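Biologist: I am new to this structure and would like to know what stands behind the words used for it. Please show it to me, and then I will ask.

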Amino acid sequence: MPPGTDSPGPSGLRLLRSRGRLRGVVALLGPAFVAAVAYIDPGNFATNFSAATFGYALAWVIVAANLMAMLVQYLSAKIGVATGRDLPELCRDHLPPTVSRGLWVQAELIAMATDLAEFVGAAVGLNLLFHVPLRAAGPMTAVVAFGILALEQRGYRRFELAIVGLLGIVFLGFAYDLAAVGVQPRGIAAGLVPHFAGHSSLLLAAGIVGATVMPHVVYLHSALTKSRVPCRDEAERRELLRFQRLDVLIALGAAGLINLSMLFVAVSLASRTGRAQVDTIEAAHAGLGRLVGGGAALMFAIALLASGLSSSSVGTYAGQVVMQGFIGRRIPLFIRRAVTMLPALVVLELGLPPTGSLVISQVVLSFGIPFALVPLVVLTRRADVMGPLVNHRITTAATVCIVVMIITLNAYLLYTTFTN
């Protein structure tokens, strides 16, 4: 358990709360917003636009997946507050060394798949906005991502605010596009009722759920909360956890609205032009420009670029947390970025289809989900790890159900992908 402080004067939590009712609350928010960018990364663009095949029918899947993600991310934040250590560090402390090293290896492989989605998405955004060739847009994305990460060296708050700003751009971009294309309220209401439209819709639903919980931000969220706000005792840690719940609710709620907006925009375009005209990100951008106007297409491209840049920065940050936690080592960010970005640069150099590459990256990411969620469930239910903040039985049961559902859906997704 993190030690309490015996130094005189108010604790870090009390100092932040003393800023006032509103400013004190805002100062405690932030970690979940950093994690939330993983739920609106370019891979989600590809998945949500693919879901337009079935109209609004899979809207309920996006809502359900987002609710699952809220519980998972809250538990990640909770384990950091309760123990003062992040999830990879706790795996190294409480699991056999061979298991910890194995988890590290798979996490690094998953980081490459994560970078693939983020780099390709940002590169496509640069191409749509400025007609930058895709092979040149990849390195440009890396440079900007390093600039955002440099803010973290000047204090966590600057980095969080930069990420929140990019998240806000994505939110506003799709709000504008949604207002421009319009929606069908009856269709949305019907889509929020759980049902499937045949075998193909079940497969895509598995992809949506499987791609929702990102392994790297499960690790990262605990690192963002473990020492961000010093607490003096157990009562203060419980108080801080209440604000972490609020943080998760607001941040992932916004991410869920963005994902729903992506689907609604795609459905509106598909209803006007046919599914074949919005089956890729580039086609969706062109469709917005042709049917709605240049402003809608511009906001779509800006949102895609902001999504790629923010998620790329967060992905690199998460990679450092993973390596330091699992094996106690650090390497310069430049070297880490150079290694993990190689698959993305290869995809861009070879001219492979960007949207198809994004979808494939989501399938690869599904391999890493169990390796992040199972240790999270096991450790948060242990009183010797969590102390008084150990999970209640109903919380553990709910999380186990979510983990089993996600693993089952991912297994189904992988089985049908490779057998077909």
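Biologist: What volume does the largest pocket have?

Modeller: The volume of the largest pocket is about 450 Å³. This is a predicted model, in which local features need pLDDT of at least 70 and side-chain atom pairs count only at pLDDT 80 or more, while totals for chains, interfaces and linings use all residues. Residues are numbered from 1 along each chain as its sequence is written, and side-chain values use heavy atoms, with hydrogens and water left out.

Biologist: What makes a space a pocket, and what makes it a cavity?

Modeller: Both are sets of points on a 1 Å grid over the protein atoms alone. In a cavity a 1.4 Å probe fits but cannot get out; a pocket is an open set with protein on both sides within 12 Å along at least five of seven lines. A residue belongs to the lining if it has an atom within 4 Å of a point. Grid points are joined across faces, edges and corners, and a volume is the space filled by probe spheres set on the points.

Biologist: Which residues that line the largest pocket are the closest to its centre?

Modeller: Of 20 lining residues, those closest to the centre are Glu152, Ala223, Tyr317, Val321 and Arg330. At least two lining residues each come from α9 (156–181), α12 and α15, and α15 gives the most, with four residues. Helices here are DSSP runs (H or I, at least four residues), numbered from the N terminus.

Biologist: How does the lining of the largest pocket divide by class?

Modeller: It has nine nonpolar, four polar and seven charged residues. Ala, Val, Leu, Ile, Met, Phe, Trp, Tyr, Cys and Pro count as nonpolar, Asp, Glu, Lys and Arg as charged, and the others, Gly among them, as polar.

Biologist: How many cavities of 30 Å³ or more does a search of the whole structure find?

Modeller: The search finds two. Of its 17 lining residues, Ala107, Ala111, His216, Gly315 and Gly319 are the closest to its centre. Two or more lining residues come from each of α7 (97–130), α12 (215–225), α15 (294–327) and α16 (333–340). The largest share, six residues, is from α7. By class, this lining has seven nonpolar, six polar and four charged residues.

Biologist: What lines the second largest cavity?

Modeller: The lining consists of Tyr39, Asn44, Thr47, Asn48, Ile62, Ala65, Asn66, Ile208, Thr212 and Asn259. α4 (42–50) and α5 (59–83) are the elements that give two or more residues to it. Four lining residues are nonpolar, six are polar and none is charged. The volume of this second largest cavity is about 90 Å³.

Biologist: Why is cysteine 91 called buried?

Modeller: Cysteine 91 has a relative accessible area of 0%. Buried means under 20%, exposed over 50%, and partly exposed in between (1.4 Å probe, protein chains only). Cysteine 91 is therefore buried.

Biologist: Is cysteine 401 buried or exposed?

Modeller: Its relative accessibility is 51%, so cysteine 401 counts as exposed.

Biologist: How many disulfides does a search of the whole structure find?

Modeller: The search finds zero. To be counted, a pair of cysteine sulfur atoms has to lie within 2.5 Å.

Biologist: Why is threonine 399 called buried?

Modeller: Its relative accessible area is 2%, so threonine 399 is buried. The residue is in helix α21 (residues 393–419). Not counting residues up to four places away in sequence, threonine 399 touches Leu71, Leu75 and Val377, where contact means heavy atoms within 4.5 Å.

Biologist: Why does serine 201 count as buried?

Modeller: Serine 201 is at 0% relative accessibility and therefore counts as buried. Its place is in helix α11 (residues 199–210). Leaving aside neighbours within four places in sequence, serine 201 is in contact with Phe54, Leu58 and Phe196.

Biologist: Which residues make the contact of α12 with α19?

Modeller: The axes of α12 and helix α19 (residues 369–380) come within 8 Å and cross at roughly 35°. Pro215, Val218 and Tyr219 of α12 make the contact with Ile369, Phe371, Ala372, Leu373 and Leu376 of α19. These divide into eight nonpolar, no polar and no charged residues. The axes are lines fitted to C-alpha atoms, for helices over the stretch in contact, and angles run from 0 to 180 degrees between N-to-C directions.
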